[in-house]
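Please look at the sequence and the structure together before reading on.

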Amino acid sequence: METFIANVSSPVGPWAVAGTTNALTAIYLPTRPQRPSPGAPPRAVALGVQQLEEYFVGRRREFDVTLADVIATTFQRQVWDALVDIPYGHVRTYGEIANSVGRPQASRAVGNANHVNPWPIVVPCHRVVSATGLGGYGGGDAVKRYLLNLEGGHY
């Protein structure tokens, strides 16, 4: 099945939602612009676009979209599952996520799993911060700060 790409405007730049009729395969940060596909998006992509637009205007705190099965390690999947459990407006440290997946010495590996997360915002890697501050983010510090501020998160 062919992947369709649709762009979503935000105050920090355009995001892109990629997917098929049944599932989202990726969400691209503003730092990785994508050329949108021609025509109307398939059902799953249209839903992803709608929900991201609602998020950016403050009307959505949780996402109800189907995510495609992607190649990932067991550890990456455990981290991504832990990210989804972080409530809107809250943050966790890399160490707290490492502890929650039973790997207390794996803070750096948590950061690596966040970096390859295919669905930023929906799987909220931006809610993970360093024990001493903001921490990194593939979209850059300004985008991470914007998302945390949008959610009212304190870091």
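Predicted model: local features only at pLDDT ≥ 70, side-chain atom pairs only at ≥ 80, totals over all residues.

Three strands form an open sheet in the order 1-2-3, and their pairing is antiparallel. Strand 1 (4–8) and strand 3 (24–28) are the edge strands, each of them pairing on one side only. On average, and with direction ignored, neighbouring strands of this sheet are turned by 20 degrees against each other. In general, the strands of a sheet pair through backbone hydrogen bonds, in either a parallel or an antiparallel sense.

The two pairings can be set side by side, each with one pair of residues that stand opposite one another.

Strand 1 and strand 2 form a hairpin with 6 residues between them, and in its turn Gly13 has a positive phi of about 120 degrees. Although strand 1 is an edge strand, it is mostly covered, with 4 of its 5 residues buried.

**Helix 2**

Which residues of helix 2 are buried? Within this helix, which spans residues 74–84, they are Phe75, Gln76, Val79, Trp80, Ala82 and Leu83. Seen down the axis of helix 2, these buried residues fall within an arc of 160 degrees, and therefore they line one face of the helix. Thr74 and Asp81, on the other side of helix 2, are exposed. The cover over the buried residues of helix 2 includes helix 3 (94–100), helix 4 (107–115) and strand 5 (128–129).

**The nonpolar cores**

The largest nonpolar core holds 39 residues, of which Trp15 and Leu83 touch the most other members. Two or more residues are given to this core by each of strand 1, strand 2, strand 3, helix 1 (43–56), helix 2, helix 3, helix 4 and helix 5 (141–151). Apart from this core lies another, of 5 residues, among them Ile5, Ala16, Ala26 and Tyr28.

Leu83, one of the buried residues of helix 2, is in contact with Ile97, Asn114, Val123, Pro124, Cys125 and Val128, when its neighbours within four places in sequence are left aside.

**Aromatic pairs**

A search of the whole structure finds 5 aromatic pairs. In one of them, the rings of Trp15 and Phe56 have their centres 5.8 Å apart and their planes at 45 degrees, so the pair is tilted. Because Trp15 lies in strand 2 and Phe56 in helix 1, this pair ties together parts that are 41 residues apart in sequence. Trp15 has a relative accessibility of 0% and so counts as buried, and Phe56 is likewise buried, with a relative accessible area of 7%. The rings of Tyr55 and Phe63 also have their centres 5.8 Å apart and their planes at 45 degrees, so that this pair is tilted as well; both Tyr55 and Phe63 are buried. Ring pairs link Trp15, Tyr55, Phe56, Phe63 and Tyr88 into a cluster.

**The loop between helix 4 and strand 5**

Where does Cys125 lie? Its place is in the loop between helix 4 and strand 5, and at 7% relative accessibility Cys125 counts as buried. Not counting residues up to four places away in sequence, Cys125 touches Leu83, Asn114, Asn117, Pro120 and Tyr137. From C-alpha to C-alpha, Cys125 and Ala113 are 9.0 Å apart in space, while in sequence they are 12 residues apart.

Ile121 has its place in the loop between helix 4 and strand 5, and with 1% relative accessibility Ile121 counts as buried. The phi of Ile121 is near 75 degrees, a positive value in a residue other than glycine.

Notes:
Residues numbered from 1 in each chain as written. Heavy atoms only, no water. Buried < 20%, exposed > 50% of the residue type's maximum accessible area, 1.4 Å probe, protein only. Arc of directions from axis to C-beta. Contact = heavy atoms within 4.5 Å. Pairing = 2+ DSSP bridges. Axes fitted to C-alpha atoms, helices over the stretch in contact; angles between N-to-C directions. Core = buried A, V, L, I, M, F, W, Y, C linked by side-chain atoms within 4.5 Å. Phe/Tyr/Trp six-rings, centres within 6.5 Å; stacked < 30°, edge-to-face > 60°.
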